[in-house]
Amino acid sequence: MKVHISVDYEGCAGIFSWIERSDMDMGGHLAILRKIMTGETNAAISGVLDAVPGAEIVVADSHETARNLLPEELNPRSELIGGWPRALGMVESTRPST
Ligand SMILES: [Zn+2]
């Protein structure tokens, strides 16, 4: 089974809208945001692997620059897709061609 996880800041713990995310950015908390986003992504990956141990997992970083997740902290059982352009946007499962 192949599982696609598309991750955006808005919706992570404590980030309910663009406004909260922007406020944290302005306060210099971008590193905290990236950690929260990466931690929640790892939680989702763990849930998938608990349910389907052999799952192939693709994670699409889908917020703004699409370079927010911390690759060094992301579960290595997943493949990270970051950057743009992507033909299918947030739901693209292959790397950008550029
Ligand atoms: Zn976003």
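Helices (H or I, at least four residues) and strands (E, at least two) are DSSP runs, numbered from the N terminus. The model is predicted, so that local features need pLDDT of at least 70 and side-chain atom pairs count only at pLDDT 80 or more, while totals for chains, interfaces and linings use all residues. Residues are numbered from 1 along each chain as its sequence is written.

**Exercise 1. Work out the order and the pairing of the strands in the sheet.**

Step 1. Two strands are taken as paired if DSSP finds at least two bridges between them; β1 and β2 (residues 56–61) are joined by 6 bridges, and β2 and β3 by 4 bridges.

Step 2. The 3 strands therefore give an open sheet in the order β1-β2-β3 with parallel pairing, in which β1 (2–7) and β3 (78–81) are the edge strands, each pairing on one side only.

Step 3. From one strand to the next the twist averages 20°, where axes are lines fitted to C-alpha atoms, for helices over the stretch in contact, and angles run from 0 to 180 degrees between N-to-C directions.

Step 4. Individual partners can then be located: K2 has E56 as its bridge partner in β2, V3 stands opposite I57 of that strand, and A60 stands opposite I81 in β3.

**Exercise 2. Find which residues of α2 are buried, and determine what they pack against.**

Step 1. Helix α2 (residues 30–51) packs on the sheet, and its direction makes about 160° with that of β1.

Step 2. A residue is buried if 20 or more other C-beta atoms, placed from the backbone, lie within 10 Å of its own, exposed if 12 or fewer, and partly exposed in between; in α2, M37, T38, T41 and I45 are buried.

Step 3. These residues cover an arc of only 95° around the axis, which puts them on the same side of α2, the arc being that of the directions from the helix axis to the C-beta atoms. An α-helix has 3.6 residues a turn, so residues three or four places apart point the same way.

Step 4. On the other side of α2, the exposed residues are I32, A43, S46, G47, D50 and A51, whereas the buried residues pack against β1, β2 and β3.

Step 5. Contact means that two C-beta atoms, placed from the backbone, lie within 7 Å; leaving aside neighbours within four places in sequence, M37 is in contact with V7, Y9, C12, N68 and L69.
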